[in-house]
Structure formats: structure tokens, C-alpha cells
Amino acid sequence: MRLFDEMYTAFKEGRLSSDPSKFWYQGELDFFDNYVIPLATKLKECNVFGVSSDEYLAYAIKNRDEWAERGEAIVQEMLY
Amino acid sequence: MVTNNQKVKSFLSGPGEVDTNQNDQPIADLFLHCTVMFADIAGFTAWSSAREPAHVFVLLQTVYQNFDLIAHRRRVFKVETIGDAYMAVTGLPEPQAKHASIMARFAWDCLDRMGQLTKELESVLGPDTGALSMRFGLHSGDVIAGVLKGDRARFQLFGDTVNTAARMESTGLAGRIQVSSSTAEALRKEHKAAWLTPRHDDIAVKGKGVMSTYWLAVKKTEQNGSTGGSDQADENEALDRLRVLKNDASSISRKEARVVSWACEILVRQIKKVVIVHQRCPLPAQANRDVIFRCQEGKICLDEVEEAISTPDFNPEVADAALDFDQVQIPKDIYNAIQEYVTIIAAMYRPNKFHNFEHACHVTMSVAKLLSRVVSPELSNVQGELACDRQIRDQMAAQVHDFTHGLTSDPLATLALVFAGLVHDIDHQGVSNTQLAKEYPELADRYRNKSVAEQNSLDIAWEHLMSDRFKKMREYIFETQEELLRFRQLIVNTVLATDIFDKELNQLRKDRWQRAFHADLPDSVTEPRLSWSTSSKLRMWPIRCSTGISTGSGMCVCSMRCILPLRKGG
């Protein structure tokens, strides 16, 4: 939300070429798929958190699913 | 003949134990005129997910202890707490003619106290703490109260009144007290109608259908005094410093000052871990302790990016010493210098919507939480035969040290990671590196158009750290020039790893991860690598690993909030 606000402000000031509201929903999904979930998978693989090493991956997947379901509506809310 | 009512009172006034001679006799009674209150912290799940368990307990304990004091004063019966929910009742075990207004005053006092406590705790528990508030729900009616016998027998309430009170809380709003029409009616009878405002929208209550409810606001004249104390003094001090540094008093809020105090405490905690090791395991005295480093002309942070950073070999004395960090008393002048440094850092952040000092604190908090969850040998908890065998104990600790690349037993590394979190977005302009390069071509040139914002943040943080005013602080934290250089190496590589949009750096990280954690690929940097197991903390290194922290492994803690629970409810 705060990052969206910051980027939307930059867009309105002509400091960002694309309107973030046009790509935010998909952008967040891509961020989950290409960055957050692979990162959480690495945390699980490296096992550095012991028995709770898979916890972060489970949260990441759950949050990604929640965003997939509610994200579009949230973006609309953020615009108002 | 002992009545049920007397049995309940006897249980509550006694040690809370069930009389085994009366096992067949239930301890329960119906109390006709009661008001039940539920209170729940809104946003608790999200707040607690980013914190260490000890901090979660500090919050709950502080809040509950304060509520208990109010309950005692107002003659309210506290029933129990369940996680972040607090439950209380009036009208039992002794009848109370004004059970509704007593409970209303209690809920109002608790709401007010919660507001004060969260502000006070923000400097200890970090950002967002001040924004926590509670939902309160009240309902009046008859209640069955008693003790369910069995293991851990305890006093409990049952019945529809309890369920409805819980619904009043769950359908309420943060920072407000919602009461049912039956509580409203009881309040009117107690001449407190002025405290009620009808809620405009009806609420759908499971099992009850649509209900009309009221918001409660107790009209009272007494004012609560200032909280006072040393936290307040620290906050005022931070506020004054920020105002001077930013030269704009109007833009500084108390909240900002509280967050600065919190960040300072986080850093102090890590510094203590470094210092206790110096005190317990001193290095030979050096004649000239000139702990200072400035980048050579023409060199930039990017030149210091490393494939791997060496960490010290395991030293059991260091691991033992670090456990006692709380015994370190930081001299007042050093403590002041740390506060001043953190305040300067805070002032160097721009008031962006996202990339501001509060964001830096969120990242720092995530770093601290991750570090606290890295597996570590609890040397003080090893029991039985193992505790007697120092050699076995040290061997276990050494294995964990290797497995975690020394993170859990290298206080300088943990200090560097926390420090990196605090400084990583200093002077961020609220735009991407591409836009930054367009707006400030000379800055882009200086940093060869690579990770411009990140290198700029690093340089600003380092320049201040190396200034004369912090000479004494540096000498206190870093015992040798080598320590200072290793600290720099760690923060430079960590902060540059937060640039997740540079394709080249990203590819380097991916390759490094492959080499570090997939033994089937050739490893040109370190050898041999770890062998992984998912079954045990302590049985996963048939091959002793090299000592090295894989730098910039893509573990950007900025994204930590994406892998913590999203739930916004209480």
C-alpha cells in the first residue's frame, strides 16, 4: 500500500513512466512467483531455521494465493 | 448444606484447587445479572508475526498486568486471557447492582490505558506498536459459572451471554467499545444513557441474526496524568535531537522520536554482544588503535562486492560470552553517541510514503527476527551428560556454527546485518535507480550507474560513522582495525544485496546460491560444501564446511513481510 502510494505519487509527478495501478496486481503476483517464493524455497532448502524452515514458504504461498484472490479489489481500493 | 453459589465462591477465594472429596459434586451456579466483556487486540497476528516471541510476551504481559490493576480497582472479575483476548465479568461471584456501568467504566479505562501503553512500548517493541488498539464487546444477561473438573481445572463461564459478548467484540471496531441492547438497557437503568450512541449499521451476528448495537463512551471528568519515566525522557531527547537535525520542528512527530529510540535500543543490544566478547576474550593490546577507514579516491562500494566473506573459526569462549551480553553496561557518553548516530541516520531518510525511516525499522526488525530464528546451540540449556562433557558441548556448538556460517556465534556479523537494515535506504528519493540516474547524472556517474541509491546510502552512513564526533564510539565497538574492515565488508555486501532489480547482481546471487548449496555443481570458491538433511538440527554435516558467508544470497529482508502472515484480524 505504502509502496504503491509512493510509486503512484512518482507517476503523477512524471518520475515514473507507467501508471502503477495498471500493473500492480500482476506485478505483485510476479514478485511472489519470481522472488518471494523462490527466496522462501531457498530458506527451506538451506534449513538454517531448523524445524521451522518450511514455515516461511507456507506463508509465502498462502499470501500469494490471498493476493491472487483479493488483489484486484485491493488495487481498486488503493486508488480511492 | 453447602450451596452451589458458596462452592463457586469458595473455589475463587481459595487456592484454586478442586476438593477431591467432592468429585461428584459440580462446582457451578447460575448468576442472573452479569455483564461480560471481551477485548481483543486488532492486528495482533500481523504485528506479532514480525517479532520475537519474547517481545510478543512483553506486549501481552504489560497490557494484561495493567488491565488486572484496573480490574482490581474497579472490582471487576477477570476470568481469563486467551492469546491476545482478555475476558472479564461483573455481577459475580458477588452480585453487583451496577454491573453494567462498572464494566463500562472498566472497558473505557482499559481502552484509554491501551492507548498510552502502546505509545510507551513503541520505543521498546518497534514501529507499528503505537498503532495497536483493541476491540471491546459487552453483553449483559445470565451466566453459568463454574469449574470443569479434570486436569488443570479452572473457573469458566458458559452460556449465551458469553457467546454474545464475544460477538460484540468480533463485530466491533478497533479502538471502540460495542455494547449489546441488553447492556444498553442495563446502563439506562443505571442512569448512564448518555454514554450510549446507536451504531448506524446493524450487524449480522452468527446464530442471532441482525442486531442493533451501541458504541460506548464513558463521560468522565478525571484526566489521566502524563506517563513520565525514563522512556518519556528518552523520547523527548530524541525529539529534540531530530528537531535540531531536521531544522523543521513541525515535521517531527513523537511517533518518529519513539521509533528512533527503538532503533537505538536494537543497535545497543547488538553492540553489547560484540563488547562482551571483547571483555571476556580480549585481544593483545594494540598501541595504535586507529579504527577508521575511508574509501580510496576512485573506488566505490561496488568494488568491495565479494563472492564470499570469511568468518572467524568457532571459538567456544566467544559463544559462551555472547550469551551474557546483558551484563554489559554501556558508558553514558557512548550510549549518547549511539543515540546521536541513530538520530542522524533517521534524519537522513526522506519523508517518502514507503522508503522512509519507518521502513528501515521494519527491515531491521525482520533482520532481528530472522537472526533470532537461525538455529543455534543453547549452550546454557544443554543438560544431563552432555552438560558435563565440555568437549561434546563445544563440538555441538561448533557444528551449528559451521552449519549456519557462523551467524549465530559471530556478534560482529549480527551487528552488521542489523546496522545494514537501519541504513540501507538512507536518502532514498522515492524513485527507481533508473529515474535517479536521470535526475542526478553526476551521482550515477560516481557510482558507474550501478546500484546508485544503495551505494549512496552506504556512503552517507559510513561518512557519518567515520566522523570525529563518533571516534570514541568506534573505538568502543571495534577492538581492531581488522574488525572495522570486516564490519564494513559485511554491511557493504548486505546493502548492495538489497538492489534486487540489477540483473547482473541477481544472476551472480543465483549462481552463488547454486554453488553454495548444490554440491553437484563445481565450486570454485570454497570447498567442500554442506550436505543437507531436513530431519535434524544437529546431524547434518558429515563434511566440515568452509567458513564463509555467502554474500548477497538474494535474502533481501525487504521482502520478509511477504513471507509472514498477512492476516489483518486480531
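Predicted model: local features only at pLDDT ≥ 70, side-chain atom pairs only at ≥ 80, totals over all residues.

Student: Of the contacts in chain A with a separation of 6 or more, what percentage is accounted for by residues 24 or more positions apart?
Tutor: Residues are numbered from 1 along each chain as its sequence is written, while chains are lettered from A and ligands numbered from 1 in the order in which they are written. Two residues are in contact if their C-beta atoms, placed from the backbone, lie within 7 Å. Counted in this way, the contacts in chain A that join residues 24 or more positions apart, out of those with a separation of 6 or more, come to 45%.

Student: Which elements does chain A have, and in what order do they run from the N terminus?
Tutor: Helices (H or I, at least four residues) and strands (E, at least two) are DSSP runs, numbered from the N terminus. Chain A has three helices and zero strands. From the N terminus on, the order is therefore written, with these DSSP runs as elements, as α-α-α.

Student: How much of chain B counts as buried?
Tutor: A residue is buried if 20 or more other C-beta atoms lie within 10 Å of its own, exposed if 12 or fewer, and partly exposed in between, with the C-beta atoms placed from the backbone. Chain B holds 20 helices and twelve strands. Of its 570 residues, the buried share is 41%.

Student: What does B:Ile345 touch, not counting residues up to four places away in sequence?
Tutor: B:Ile345 belongs to the largest core, where it is among the residues that touch the most other members. Once residues up to four places away in sequence are set aside, B:Ile345 touches B:Leu422, B:Val423, B:Ile426 and B:Ala461.

Student: How far apart are the end C-alpha atoms of helix H3 (residues 53–74) of chain B?
Tutor: The expected span of a helix is 1.5 Å times one less than its number of residues. For the 22 residues of H3(B) this should give 32 Å, which agrees with the distance in the model, where the end C-alpha atoms are apart by 31 Å.

Student: Within what arc do the buried residues of H3(B) fall, seen down its axis?
Tutor: The buried residues of H3(B) are B:His55, B:Leu59, B:Val63, B:Phe67 and B:Ala71, whereas the face turned away from them carries exposed residues, including B:Phe57, B:Gln61 and B:Arg73. The arc is taken from the directions from the helix axis to the C-beta atoms. The buried residues line one face of the helix, because they fall within an arc of 145°.

Student: What covers the buried residues of H3(B)?
Tutor: Just after H3(B), B:Arg75 takes a positive phi of about 60°. The cover over the buried residues of H3(B) includes, from chain B, strand E2 (77–82), strand E3 (85–90) and helix H4 (99–125).

Student: Which residue in E3(B) is the bridge partner of B:Thr35?
Tutor: Two strands pair if DSSP finds at least two bridges between them. E3(B) is joined to E2(B) by five bridges, and these two strands run antiparallel, while strand E1 (residues 27–42) of chain B pairs with E3(B) in the antiparallel sense over six bridges. Five of the six residues of E3(B) are buried, so this strand is largely enclosed by the rest of the structure. In E3(B), the bridge partner of B:Thr35 is B:Thr90.

Student: Is B:Asn336 buried, partly exposed or exposed?
Tutor: B:Asn336 is found in helix H10 (residues 332–348) of chain B. Because B:Asn336 has 14 C-beta neighbours inside 10 Å, it counts as partly exposed.

Student: What is the mean pLDDT of chain B?
Tutor: In chain B, 78% of the residues reach a pLDDT of 70 or more. The mean pLDDT of chain B is 80.

Key:
Core = buried A, V, L, I, M, F, W, Y, C linked by C-beta atoms within 7 Å. pLDDT = per-residue confidence, 0-100.
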